[in-house]
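Here is a short report for a reader meeting this structure for the first time. It starts with the whole protein and then turns to the sheet and the helices.

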Amino acid sequence: MKVFTEKDQQRIADAVEAAERFTSGEIRICIEKSCSEPVLDRAANYFTKLEMNKTALRNGVLIYLSTTDHKFAIIGDKGINKVVPHDFWDQTKEAMLREFKAGRLVEGII
């Protein structure tokens with residue numbers, strides 16, 4: 001069973017495109033059914049595999065989501081971490097978690 005409809009996928013893609021249009025950040029989203037290792041390790045592995053650590057300004061952001069395990073992680077590279085407030089990722093994680101807990105997976109990602 002697909003987690004996201006084509007419409008959901010398009011909404012997520014449109015949101016990523018809009019965010020990238022107004023920043024220099026490069027955003028990728030990785031979604032798996034289950035997570036075979038600690039979630040931050042898994043996300044970090046994908047971050048490297050997708051070469052998010054090789055962006056020109058080191059401003060890559062990866063959102064990793066494991067749907068069956070109900071786990072997620074956000075990883076920002078050092079370039080973006082220099083310019084966002086110190087609690088930015090924690091606030092983002094909490095906002096996403098509120099949406100996920102309310103059953104709004106797409107909105108949480110967006």
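## Burial and surface

Of the protein's 110 residues, 36% count as buried. This is a predicted model. The protein exposes about 7,200 Å². Carbon and sulfur atoms supply 53% of that area.

## Overall build

The secondary structure comes to five helices and three strands. Along the sequence, they follow the pattern α-β-α-β-β-α-α-α. The radius of gyration is 14 Å, close to the 13 Å that the globule rule gives for 110 residues, so the protein is as compact as a globular protein of that length.

The C-alpha trace spans about 35 × 30 × 25 Å along its principal axes. Take the contacts between residues at least 6 apart in sequence: 53% of them join residues at least 24 apart.

## The sheet

Strands of a sheet pair through backbone hydrogen bonds, either parallel or antiparallel. Here, three strands form an open sheet with mixed pairing, in the order β1-β2-β3. The edge strands are β1 (26-32) and β3 (71-76), and each pairs on one side only. Neighbouring strands of the sheet are turned by 10° against each other on average, direction ignored.

Strand β2 covers residues 60-66. Seven bridges join β1 to β2, and these two strands run parallel. I31 has its bridge partner in β2: L65.

## Helices on the sheet

Helix α4 (residues 88-101) packs on the sheet and touches β2 and β3. The direction of α4 makes about 150° with that of β3.

Helix α2 (residues 39-49) lies across β1, β2 and β3. Helix α2 runs at about 45° to β3.

Terms used. Residues are numbered from 1 along each chain as its sequence is written. This is a predicted model: local features need pLDDT of at least 70, side-chain atom pairs count only at pLDDT 80 or more; totals for chains, interfaces and linings use all residues. Side-chain values use heavy atoms; hydrogens and water are left out. Two strands pair if DSSP finds at least two bridges between them. Helices (H or I, at least four residues) and strands (E, at least two) are DSSP runs, numbered from the N terminus. Axes are lines fitted to C-alpha atoms, for helices over the stretch in contact, and angles run from 0 to 180 degrees between N-to-C directions. Contact means heavy atoms within 4.5 Å. The radius of gyration is taken over C-alpha atoms; the globule rule is 2.2 Å times the number of residues to the power 0.38. Buried means under 20% relative accessible area, exposed over 50%, partly exposed in between (1.4 Å probe, protein chains only). Accessible areas come from the Shrake-Rupley method with a 1.4 Å probe; for residues, only the protein chains shown count as cover.
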